[in-house]
Amino acid sequence: MASLLTPADLPDGFEYPRQFIRVVELGLTDLEPWRIVEAEELALLLEGLGKRYPTRTLVPFARRIDDDDVACWDIDRPGRVSIVHDFASPGWEQQAEFDNFYAWLRQAVEDLIEYD
């Protein structure tokens, strides 16, 4: 299984959604152009997003390989997935939002088809 953030690294009260864990356990971590972020890169991304967007509590889980878009859970919007254009000026980073992880996953599969 992918190397994800530990409970100690996650914001208080946040747990990875079971749907996300299931997808990771199935090994569906590379949906080009999206890929699930792991290990040290994931920790650095969590820290960087916190510094660049201090008014938000974002938990990243995937990033696009062709731009700076990052899929994150936004703690202030439980269950929802935000697409953040990393390194954009604060207030301009939000690119899209999905109702839940599976809604994001459907779009990621569409992006995979289009990317081919």
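Contact here means heavy atoms within 4.5 Å. The structure is a predicted model, in which local features need pLDDT of at least 70, side-chain atom pairs count only at pLDDT 80 or more, and totals for chains, interfaces and linings use all residues. Residues are numbered from 1 along each chain as its sequence is written, and side-chain values use heavy atoms, with hydrogens and water left out.

Leaving aside residues up to four places away in sequence, Arg 63 touches Pro 33, Trp 34, Arg 35, Val 37, Glu 41, Leu 45, Asp 69, Val 70 and Asp 86. With a relative accessible area of 15%, Arg 63 is buried (under 20% is buried, over 50% exposed, partly exposed in between, with a 1.4 Å probe and protein chains only). The side chains of Arg 63 and Glu 41 make a polar contact at 3.4 Å (a pair of N or O atoms within 3.5 Å; within protein, one must be able to donate a hydrogen and the other to accept it, and residues adjacent in sequence count only if both atoms are side-chain atoms).

The surroundings of S3 come next. Six strands form an open sheet in the order S1-S2-S3-S4-S5-S6, with antiparallel pairing (two strands pair if DSSP finds at least two bridges between them). Strand S1 (30-31) and strand S6 (94-98) stand at the edges with a single partner strand each, so one side of each has no neighbour in the sheet. Strand S2 (residues 34-36) pairs with S3 over three bridges in the antiparallel sense, and Arg 35 stands opposite Arg 63.

Rings of Phe, Tyr and Trp (its six-membered ring) pair if their centres lie within 6.5 Å, with planes under 30 degrees apart counted as stacked, over 60 as edge-to-face and the rest as tilted; the count comes to 14 aromatic pairs. In one of them, the ring centres of Phe 61 and Trp 104 are 5.0 Å apart and the planes are at 85°, so the pair is edge-to-face. Phe 61 lies in S3 (residues 58-64) and Trp 104 in helix H3 (residues 101-115), so the pair ties together parts that are 43 residues apart in sequence. Phe 61 is buried at 1% relative accessible area, and Trp 104 is buried at 2%.

Note on methods. Helices (H or I, at least four residues) and strands (E, at least two) are DSSP runs, numbered from the N terminus.
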